[in-house]
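Hi,

Here is the structure I promised to pass on. Have a look at it first, and then read my notes below.

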Amino acid sequence: MITVEQRAEFRKHFRYNVGRRLVLDKVVKCIVFLCVVVAVVPLVAILVNVFSNGAAALSWNFLTEIPGAVGSNDLGGIGPAIQGTLVLIGLSSLIGVPVGVMGGIFLSEYGNNKYGRTVRFFNDVLAEFPTIVIGVFTFILIVLTVGGFSVWAGSFALSIVMLPIVMRTTEESLKLVPVTYREAGYALGIRRWRVVFTIVLSGAKSGLVTGILLSVARIAGETAPLVFTILGSSQFIQGLDGPIDALPLRIWRLSSLPYDSSVTQGWGAAFVLIILVLSINIGVRYLFLRRKGQTLLKFKRLGSMS
Amino acid sequence: MMETMTKTPLKDNSTEDVKYKLVAENISASYDGIIAVKNVSMKFRDKAVTALIGPSGCGKTTFLRCLNRMHELTKNATLTGRVLLDGEDLYSNKVDPIINRRKIGMVFQKPNPFPTMSIYDNVACGLKLNGVKDKKIIDEVVEGCLKMASLWNEVKGDLKKPGMSLSGGQQQRLCIARALAIQPEVLLMDEPASALDPIATQKIEEMIQELKKEYTIIIVTHNMQQATRISDYTGFMYLGDLVEFGETKQIFENPRNEITAKYVQGQFG
């Protein structure tokens, strides 16, 4: 037991320097705020810079037409690049999302052992891989074997880039679902895989969607693996076994040309890429997380009532 | 077997109409190297409420989880002994644990409705995920179970609202409705009212009295008054042992064991 005297002694050790504490509190708040500003400034600067440099290039024709001949007066547009990027995102997600989500389920639900730890380690290594290595790997594995650059090869390379991100975020968000929900499911006599696929997965939905969107944003901007796999093209898509164009590749090509008008087009293409990723992000969030948004709105309404 | 007989002062030999729905024989269980239940044998009568009481950490919950094979889902869990449901061993290799969990429903200490599901879906999911497709039957079961859990009148207009929008007591009754929906024969309840206020607790207790007419109910409780109010039989557990098991009246008014006496008189706990 603690005696009354001891308690008085303990109290002496607390610091009651209220003024200093209040100041410290404000200082910490300022530091946090400043760091946010430091983080946001480059972001805004990039957006403003990209837009102001590329705005001149933006037009309907720019978005829909094929690129003109290099050096000619007809600059053309980046239509094939936009189409290519969309196709590549779609196909890579078709491969990368199911495999990544399944892998994440394995790591979270069945991976509490030697195999799981090994897979987790190599998955993390893969996430750190320079993407150009993945490009070269795909070049050797697919492009050289099949004998040509293709949409498939590009999608394969990009899906490898997105795989570790999807896998890891899936694992982390599944682990956040409390064990009590799983137990409630098991107690209802629901089989394990069904508990995982219905109850756990739906509880982890928002984390899952965020992870997938992060990986989509990541691959939308990848250039290195594409150089070795889709090559680039100035035509709209001819088939999945042929080369196509993609926005990052087009940006790279345009900005390395010695003409000012091409460089402006490069900025314009960069702006288009940013907007594209942003709209995919907002669109997917709206589609999959709508219900959550609604409850949030309700909370706000309840809050304003009281 | 002799030991079981002495520990269960029920009229084993006198009448034939005594029916034991669930029989636990020599259950010992541990997790993470901690021995939580030591050689416990108990018989649970059909259409009766059996309460398990005892101080924290005495193995009540672990024992309860052995009865529907939930214990084996715990990390590093071990278990020996047998559990017979209508004479059939739940732990036999021939028996699928999933099928038995459908016969033995469970309600947990903290209300845990599925967060992404509506009130309706929370009750319906046990059916849907176990293969029931007929919408009419599901509707009927949902309504019936919500009525049995005496929640229907409060939610009948809001079945599409999220289950999490209910109050704590309502959520727990929703969980009971969810457990009832898979048409179990036995209902295990792990301190179902410990997180609830007195009024919600009273509602749950009334409901248990109603459910008793059809189900075998086994309830773990910290609350001795609750045990006297709702149970027909009481088992007192201490440090993993079943110290005494008998009719609730006898356990509380005339305990045979010294430790039981001290516990029910509130001398420790």
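In what order do the six strands of the open sheet in chain B run? Going across, the order is S6-S7-S8-S3-S9-S10 (chain B), with mixed pairing. Before you go further, please keep in mind that this is a predicted model.

**The six-stranded sheet in chain B**

The edges of this sheet are strand S6 (104–107) and strand S10 (241–247) of chain B, each of which pairs on one side only. On average, neighbouring strands are turned by 15 degrees against each other, direction ignored. A helix sits against the sheet too: H7 of chain B (residues 168–181) packs on it and touches S6 as well as strand S7 (186–190) of chain B. The direction of that helix makes about 170 degrees with that of S6(B).

**The four-stranded sheet in chain B**

Chain B has another open sheet, with four strands in the order S2-S1-S4-S5 (chain B) and antiparallel pairing. Here the edge strands are strand S2 (34–45) and strand S5 (88–89) of chain B, and each pairs on one side only.

With S2(B), strand S1(B) pairs in the antiparallel sense over eight bridges. Val23(B) stands opposite Lys43(B) in S2(B), and Ala29(B) stands opposite Val37(B) in S2(B). S1(B) and S2(B) form a hairpin with two residues between them. In the turn, Asp32(B) has a positive phi of about 50 degrees.

S1(B) is also joined by eight bridges to strand S4 (residues 77–85) of chain B, and these two run antiparallel. For a landmark in S4(B), look for Ala77(B), the bridge partner of Tyr31(B).

- Helix H6 (residues 131–146) and helix H7 (residues 151–175) of chain A pack at an angle of about 140 degrees, with their axes 9 Å apart. H6(A) and H7(A) are therefore oblique to each other. H6(A) passes H7(A) in a right-handed crossing. The residues that meet include Thr131(A), Ile134(A) and Gly135(A) from H6(A), and Trp152(A), Ala153(A) and Phe156(A) from H7(A). By class, this contact has nine nonpolar, three polar and no charged residues.

- **H5 and H7.** Helix H5 (residues 114–128) of chain A crosses H7(A) at roughly 130 degrees, and their axes come within 8 Å. That makes H5(A) oblique to H7(A). The crossing of H5(A) past H7(A) is left-handed. Asn123(A), Asp124(A), Leu126(A) and Ala127(A) in H5(A) meet Pro164(A), Ile165(A), Met167(A) and Arg168(A) in H7(A). Those residues divide into five nonpolar, one polar and two charged.

- **H2 and H13.** The axes of helix H2 (residues 18–54) and helix H13 (residues 260–288) of chain A come within 7 Å and cross at roughly 130 degrees. That makes H2(A) oblique to H13(A). H2(A) passes H13(A) in a left-handed crossing. On the H2(A) side you will see Val50(A), Phe51(A), Asn53(A) and Gly54(A), while the H13(A) residues they meet include Thr264(A), Trp267(A) and Phe271(A). The contact divides into six nonpolar, four polar and no charged residues.

**Where the chains meet**

How many residues does each chain bring to the contact? Chain A gives 17 and chain B gives 21. On the side of chain A that touches chain B, the elements that give two or more residues are helix H8 (179–187) and helix H9 (192–203) of chain A. H8(A) supplies the largest share of that side, six residues. By class, the side of chain A that touches chain B has seven nonpolar, six polar and four charged residues.

Cheers

Terms used: Residues are numbered from 1 along each chain as its sequence is written. Chains are lettered from A and ligands numbered from 1 in the order in which they are written. This is a predicted model: local features need pLDDT of at least 70, side-chain atom pairs count only at pLDDT 80 or more; totals for chains, interfaces and linings use all residues. Two residues are in contact if their C-beta atoms, placed from the backbone, lie within 7 Å. Ala, Val, Leu, Ile, Met, Phe, Trp, Tyr, Cys and Pro count as nonpolar, Asp, Glu, Lys and Arg as charged, and the others, Gly among them, as polar. Two strands pair if DSSP finds at least two bridges between them. Axes are lines fitted to C-alpha atoms, for helices over the stretch in contact, and angles run from 0 to 180 degrees between N-to-C directions. Angles under 35 degrees count as roughly parallel, over 145 as roughly antiparallel, 65 to 115 as roughly perpendicular and the rest as oblique. A crossing is left-handed if the near helix is turned anticlockwise from the far one by less than a right angle, and right-handed if clockwise.
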